[in-house]
Amino acid sequence: MKTQSSATAPSPIAVTTPGTAPRGGPGLGGTLQAALGVVAFSLTFPATAWGLEGFGPWALVAVRCVLAALIAGGCLLALRVPVPARRHWPGLAVVAAGVVVGFPLLSTLALRTSTTAHAAVVVGLLPLTTALFSALRVGSRPSRTFWTAALAGAGAVVAFTVQQSGGALTGADLYLFGALLVCAAGYTEGGRLARVMPGWQVIGWALVLCLPLAGPAAALALAYEPVRLTAHSVAGLLWVAAGSQFLGLVVWYRGMAAIGIPKASQLQLAQPLLTLVWSVLLLGEHLTVAAPLTAAAVLVCIAVTQRARG
């Protein structure tokens, strides 16, 4: 495959200044794509819990990476997509390390002992952390109103999820904190790259980059960790591989490129609440009456951040 030259990047997304929508690009479409990504991500923790019913944590992460990379690689080959220019590979490596490997591995290790409600603390803090990384990496400068609403939304989500877990800290918190940092870095770098190349190619090449390591890792993990195939474990594996690891990130990066990293990241404030809803429906967990109140507060904060000018 040919390498893209700097003058012929095949992106349908116009290059923009950080934190703004592309000229001529509909902000509503970008918001919708980012929201679809959030819905896909909200199923990740329940699907991971299902996957852990039949796979060990290392096998689950490695196999999901292999499957997602095969899907992405097949799409790239079928469409004869040129190899990215050399200057893009460091950024793709950050996406691979943070989104493809780091977050799935650390959150899966945490979910061995943590409930999905407690793990949702990570997702509650992720929008604010992503906005901070964006300010440092791409120079975005959201307004004071934006930051106030973002902090309020993050605080509401943290208070809710901590209350759900009884306020107790567990050994999984270190894994969750690490997952938060690496995922925010991967989201920021992926959103930056999605301004100069299609979002699905960003995650596609990041997945392909991991395949030489993920393949042997999957074979080794499957040899040492017991496998028990059930409907839940197979469905969970397929969703985290195809839904969370590829399709969700495709629309997520396209959305970030269209409306800006900080604003798109604030849509994720709704993700913990969606995750808790899926946890009730799929895992049989119970919610308190605080859930609708927190949901209303978060939706208000999302509305404010979407209207705030950077």
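This is a predicted model: local features need pLDDT of at least 70, side-chain atom pairs count only at pLDDT 80 or more; totals for chains, interfaces and linings use all residues.

Mentor: Residues are numbered from 1 along each chain as its sequence is written, and side-chain values use heavy atoms, with hydrogens and water left out.

Trainee: How many helices and strands are in the protein?
Mentor: Helices (H or I, at least four residues) and strands (E, at least two) are DSSP runs, numbered from the N terminus. From that end, the elements read α-α-α-α-α-α-α-α-α-α-α-α. The count is 12 helices and zero strands.

Trainee: What percentage of the residues in the protein is buried?
Mentor: Buried means under 20% relative accessible area, exposed over 50%, and partly exposed in between (1.4 Å probe, protein chains only). The protein has 310 residues, and the buried share is 53%.

Trainee: Of the contacts with a separation of 6 or more, what share comes from residues 24 or more positions apart?
Mentor: Contact means heavy atoms within 4.5 Å. Among contacts with a separation of 6 or more, residues 24 or more positions apart account for 92%.

Trainee: How is α4 oriented to α8: roughly parallel or roughly perpendicular?
Mentor: Two packed helices are described by the angle between their axes and the distance between the axes. Axes are lines fitted to C-alpha atoms, for helices over the stretch in contact, and angles run from 0 to 180 degrees between N-to-C directions. Helix α4 (residues 89-110) and helix α8 (residues 199-224) have axes 8 Å apart, at an angle of about 80°. Angles under 35 degrees count as roughly parallel, over 145 as roughly antiparallel, 65 to 115 as roughly perpendicular and the rest as oblique, so α4 to α8 is roughly perpendicular.

Trainee: Which element gives the largest share of the lining of the second largest pocket?
Mentor: On a 1 Å grid over the protein atoms alone, a pocket is an open set of points with protein on both sides within 12 Å along at least five of seven lines, a cavity is a set where a 1.4 Å probe fits but cannot get out, and lining residues have an atom within 4 Å of a point. The lining is 13 nonpolar, no polar and no charged. α3 (57-78), α4 and α8 each supply at least two residues, and the largest share, six residues, is from α8.

Trainee: What is the volume of the largest cavity?
Mentor: Its lining has 15 residues, with Phe 41, Thr 44, Phe 103, Tyr 187 and Ser 244 nearest the centre. By class they are nine nonpolar, five polar and one charged. Grid points are joined across faces, edges and corners, and a volume is the space filled by probe spheres set on the points. The value is about 150 Å³.

Trainee: Is Val 298 buried or exposed?
Mentor: Val 298 sits in helix α12 (residues 290-307). Beyond four places in sequence, Val 298 touches Gly 153, Ala 156, Val 157, Leu 269, Ala 270 and Leu 273. Its relative accessibility is 1%, so Val 298 counts as buried.

Trainee: What is the relative accessible area of Thr 188?
Mentor: Thr 188 belongs to helix α7. Outside four places in sequence, its contacts are Thr 130, Phe 133, Ser 134, Arg 137 and Ile 261. Thr 188 is buried, at 2%.

Trainee: Which value is phi of Arg 80 near?
Mentor: Arg 80 lies in the loop between α3 and α4. Arg 80 is exposed, at 74% relative accessibility. Its phi is positive in a residue other than glycine, near 55°.

Trainee: How far apart in space are Thr 230 and Glu 53, C-alpha to C-alpha?
Mentor: Thr 230 is in the loop between α8 and α9. Thr 230 counts as partly exposed, at 23% relative accessibility. In sequence, Thr 230 and Glu 53 are 177 residues apart, and in space 8.0 Å.

Methods: Ala, Val, Leu, Ile, Met, Phe, Trp, Tyr, Cys and Pro count as nonpolar, Asp, Glu, Lys and Arg as charged, and the others, Gly among them, as polar.
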